[in-house]
Amino acid sequence: MTLASILGSATSGLTAAQAQIRATSTNVSNVNTPGYARVQANLTTQVTGGAGTGVDVATVTRVTNLFLQRASLGAQSDQAAAGALNQLWEQLSPYLGTADQEGALVSRLSDVQSAFTSASADSNSSLRRTQVVNAVKNLLAEVSSLGTAISGVRGQADSQIGSQITSANDLLKQISQLNTEISRTRAQGGDSTGAENKQSALIDQLSSYISIRTDSREGGGVIIRTPDGVTLADSQAATINYTATGQGAPGATYQTITITPPGGGLTQDFSAHIESGSIAGLMHARDGDMLDLQRSLGELSGGIADALNAVHNDSA
């Protein structure tokens, strides 16, 4: 072994050690960075003429677990869906209330029940009948306030769906652009882990809006799909289409959410593919919970009006 080869071997060892130290330093400094995954320098033996002549830094890669990553993305989507739905329900809580919360719907219903009970015990009392009428009027006023609040919450949900779809489209574009950057960097033999960690953080953000799964791309980067297989991002990004109206009154109608595939193509209905995430939670509130509550409130209003008319007729 010549002196030159000895020096070359030692230099390669120092270079490899420096790469490993750099990877460790990066890991420590990003320990609390969202979306960051540990990186490691992968070493290979230099061989010349069948003899070892040093060490090479073959690649620098992220250390990830695909199963855990997919489980984490699913959990983030489910949590975001529940959070979006809960936030809207909390806005109605003061109107619904409890029996001991004065002025709330439950309290007003209790007042009506008490008034009717008292009136039935003394059916000839004009005071009791007046108390029934007042209790029912107060209940109707609270029902009206609750109806207005429900319409407002439903309209708010629709507006949030529109704004979050806009944000999701922006994330999809950034993810697809990073796919190009990662593939190019790897093809040139460079370190793409920085772009990959940035992409991972964007994917985490996207999963809070809509449920997704990821698959590795040949050459680097990821393919983003819905859990049932609709492609959202590859070398190009799909576009989710929706225009919010911000309306929430009974009878309000909403545009269908559609998707244009990456690179263009036939636009298709996308609503059924949104399985979880905050957008799914908002859709469930707008088209499910709040709509059902509006219908139930309408039935309650009709029953109250009939009861009030009956009391007036008995008083006549």
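Analyst: Two strands are said to pair if DSSP finds at least two bridges between them. Strands (E, at least two residues) and helices (H or I, at least four residues) are DSSP runs, numbered from the N terminus. The model is predicted, so local features need pLDDT of at least 70 and side-chain atom pairs count only at pLDDT 80 or more, while totals for chains, interfaces and linings use all residues. Residues are numbered from 1 along each chain as its sequence is written, and side-chain values use heavy atoms, with hydrogens and water left out.

User: How many bridges join strand 3 to strand 4?

Analyst: Four bridges link these two strands, which run antiparallel. Arg 213 stands opposite Arg 225 of strand 4. The hairpin of strand 3 and strand 4 has five residues between the strands, and Gly 219 there takes a positive phi near 95°.

User: Which residue of strand 5 is the bridge partner of Ile 224?

Analyst: The partner of Ile 224 is Ala 233. Strand 4 and strand 5 are antiparallel and joined by two bridges. They form a hairpin with five residues between them, where Gly 229 in the turn has a positive phi of about 105°.

User: In what order do the strands form the sheet?

Analyst: Three strands make an open, antiparallel sheet in the order 3-4-5. Strand 3 (213–216) and strand 5 each have a single partner strand, so one side of each lacks a neighbour in the sheet. From one strand to the next, the twist averages 40°.

User: How is a nonpolar core read, and which residues touch the most other members here?

Analyst: A nonpolar core is a set of buried Ala, Val, Leu, Ile, Met, Phe, Trp, Tyr and Cys residues joined through side-chain atoms within 4.5 Å. Buried means under 20% relative accessible area (1.4 Å probe, protein chains only). The largest such core has 56 residues, of which Leu 206, Ile 224, Ile 257 and Phe 270 touch the most other members. Among the elements that give two or more residues to this core are helix 2 (66–96), helix 4 (126–187), strand 4 (222–225) and strand 5 (231–233). Helix 4 supplies the largest share, 18 residues.

User: Which residues is Leu 206 in contact with, leaving aside its neighbours within four places in sequence?

Analyst: Contact means heavy atoms within 4.5 Å. With those neighbours left aside, Leu 206 is in contact with Ala 168, Leu 171, Leu 172, Ile 175, Ile 212 and Ile 224.

Notes:
Buried means under 20% relative accessible area, exposed over 50%, partly exposed in between (1.4 Å probe, protein chains only). Axes are lines fitted to C-alpha atoms, for helices over the stretch in contact, and angles run from 0 to 180 degrees between N-to-C directions.
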